[in-house]
Amino acid sequence: MKSKLITVITNVALAFVVLGISFIGYFNGDVKAVSYKNTNLYYGGKEETGAVSLTFNVYESAQNINSILDILDEYEAKATFFIGGSWADDNVDCVREIFSRGHELGSHGYFHKDHAKMSYEANLEEIRPSVKLLEMICGKKIELFAPPSGAFCENTLSACAYLNMKVIMWSRDTIDWRDKNETLIYERATKNLKAGEFILCHPKDVTVKTLPKILTYIREAGLKTCTVSENLGE
């Protein structure tokens, strides 16, 4: 009971601090657009890494995430988790667990909005609080943003450039959020897989069931797994 109370208090405190930071930044005119001519948009990493990156977009299911973490540990694999701010606010312990196990964290926005339809200011207002919250939870700078549904526009790229963040897409989408067929998910993740690729997943039941097979394939194909930043050579 005491542990739950501490978690609730921590969550509330984090939410107020993050929203306060966002509010101050927004109304201080801190919204000047930044050029992204040296593009900050990535669909994959470097083939010479000899590795692929599993990415998980998260707005749900701490239970499945814990199962995924155990499987990744079993295969000595590392992944990048893009966390929704509104979910992180309610699941601080789970976010810390992801980070404590050596995985990379990135932002998936705060409320899963359509960034392709948002102004520069609205993009900043949606991304920045999620970044601040994750940084407060894990104590590490957040430098990656995965737009929900892969939807972005020039305003998104410019907002992320201002925040010194990279916009991360994927080269393979398992579409596990829609399809519950393990064979289909496996084929989408592995068919003709090559080094440098980003494989998009979600914490779904079918993903938990299929992940060991995917990791076995990666290992037998002579590939490694690494975080997105490592795959980008950083």
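Which residues of helix α7 (residues 182-190) are buried? I looked them up in a predicted model, where local features need pLDDT of at least 70, side-chain atom pairs count only at pLDDT 80 or more, and totals for chains, interfaces and linings use all residues. Residues are numbered from 1 along each chain as its sequence is written, and side-chain values use heavy atoms, without hydrogens or water.

**Helix α7.** I found Ile185, Ala189 and Thr190 buried (under 20% relative accessible area, with exposed over 50% and partly exposed in between; 1.4 Å probe, protein chains only). They lie on the same side of α7, because they cover an arc of only 110° around the axis (taken from the directions from the helix axis to the C-beta atoms). Their cover includes β7 (172-173), β8 (198-201) and α8. Helices (H or I, at least four residues) and strands (E, at least two) are DSSP runs, numbered from the N terminus. I then checked the ends. At the start of α7, a side-chain oxygen of Asn181 comes within 2.9 Å of the backbone nitrogen of Thr183. Just after α7, Asn192 has a positive phi of about 55°.

**Helix α8.** I went on to Leu215, which sits in α8 (residues 205-220). Leu215 counts as buried because its relative accessibility is 4%. Beyond its neighbours within four places in sequence, Leu215 is in contact (heavy atoms within 4.5 Å) with residues including Leu54, Ile71 and Tyr75.

**Strand β4.** I ended at β4 (residues 104-107). Glu104 and Gly106 are buried on one side, Leu105 and Ser107 on the other. Strand β3 (residues 79-83) runs parallel to β4, joined by four bridges (pairing takes at least two DSSP bridges). Phe81 stands opposite Leu105.

Conventions
Polar contact = N/O pair within 3.5 Å; in protein donor to acceptor, adjacent residues only side chain to side chain.
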